[in-house]
Amino acid sequence: MEVMRKWVQVIFFFLTNGYWNFPVTKAIYKGPLKVVCSPGLNCYSCPAATTYCPIGALQQLFTGVRMSIETGQLYIGLYVIGSMGVIGGFVGRMVCGWACPFGLFQELLHKIPSPKFNIWPFLRYFKYGLLIFMVILLPLFAIDEFGTGDPWFCKYFCPAGTLEAGIPMIFLQPALRANLGWIFSLKVFILVFFIIWAVFASRPFCRTSCPLGAFYALFSRVKLVKLGLDHNNCNHCGACHDVCPMGVRFNESPDDMECISCMSCTKVCKRDAIRLEIGGLSVSGQQKEPKSNPI
Ligand code: SF4
Ligand code: SF4
């Protein structure tokens with residue numbers, strides 16, 4: 001399953017970054033595929049990106065709301081919210097584990113040999129603050145004299161954007177270097193911070209700071225495809241705790257908002273207590289009689 005997941009991650013990386021003509025054009029792709037919502041965090045301005053980033057699009061939506069109200073040209077952006085809602089309703093944070101290029105990047109960094117550390121669980125709530133303030137409220141209310149706001153998360157924070165768009169574009173278009181200021185320095189600092197952190201801890205950006213992960217997490221109880229726990233089979237051995245890249249204790253919290261459905265825990269559970277479910281029906285493992293507890 002882990003090999004299959006890696007292949008799916010690689011396929012999604014190339015599906016969402018399929019424009020490899022950029023060294024020639026020295027510009028970002030703006031073709032017809034750019035109206036498609038990327039399931040994972042993948043910067044619109046990455047020169048190879050073929051799709052748009054849902055978090056970037058959501059901020060753009062909110063930056064224009066005040067102006068659209070004042071001009072009477074109401075624009076709700078149902079396409080963006082609808083795309084994110086459909087993806088969230090089907091698979092939720094499975095996107096983080098299977099289809100997000102920045103998640104894959106962090107997983108590869110974590111393979112670098114080093115001491116490994118846990119992440120303080122309380123930090124998981126920081127990403128909900130980023131979603132509420134930097135993606136929704138500040139773009140909506142911190143507006144300029146023309147009535148438009150800024151995409152605060154993209155502009156001041158997103159390390160994926162710095163890695164995929166900011167740094168490549170200053171190599172492709174040297175004229176941009178003249179405009180680099182403290183905002184670019186801040187974003188490079190944030191990127192380096194998360195790169196170093198990802199070597200020592202598993203998926204720190206996903207766990208503490210990704211507003212897209214925070215949005216998909218809202219669907220953890222109601223999503224169609226999810227993992228379920230067979231309470232009869234589980235003997236609370238704790239083996240699933242040790243392998244979880246998101247710090248989830250699955251047997252204690254089967255609908256945990258942090259679970260990215262990577263399925264690492266299904267592999268180590270010797271009692272087949274963790275099953276993949278679609279619409280509440282188990283599609284992996286067998287319905288078994290409760291096993292006798294060896295402890
Ligand atoms: S590994 Fe399986 S049996 Fe052990 S605690 Fe996790 S779900 Fe339960
Ligand atoms: S609980 Fe299991 S499926 Fe969910 S993130 Fe942890 S190891 Fe992956």
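Helix axes are lines fitted to C-alpha atoms over the stretch in contact, and angles run from 0 to 180 degrees between N-to-C directions. Helices (H or I, at least four residues) are DSSP runs, numbered from the N terminus. This is a predicted model: local features need pLDDT of at least 70, side-chain atom pairs count only at pLDDT 80 or more, and totals for chains, interfaces and linings use all residues. Residues are numbered from 1 along each chain as its sequence is written, and chains are lettered from A and ligands numbered from 1 in the order in which they are written.

**View 1. Packing of helices H10 and H11.** H10 (residues 159-172) and H11 (residues 182-200) pack with axes 8 Å apart, at an angle of about 110 degrees. H10 is therefore roughly perpendicular to H11 (65 to 115 degrees). H10 contributes Pro159, Thr162, Leu163 and Gly166 to the contact, and H11 contributes Phe184, Lys187, Val188, Ile190, Leu191 and Phe194 (C-beta atoms, placed from the backbone, within 7 Å).

**View 2. Contact between domain 1 and domain 2.** Domain 1 spans 2-217 and domain 2 spans 225-282, with bounds from an automatic or database domain assignment. Their C-alpha centres lie 28 Å apart. The contact takes 16 residues from domain 1 and 11 residues from domain 2. On the domain 1 side, helices H1 (2-16), H5 (78-91) and H6 (94-98) each give two or more residues, and H6 gives the most, with 3 residues.

Key:
Contact = placed C-beta atoms within 7 Å. Parallel < 35°, antiparallel > 145°, perpendicular 65-115°, else oblique.
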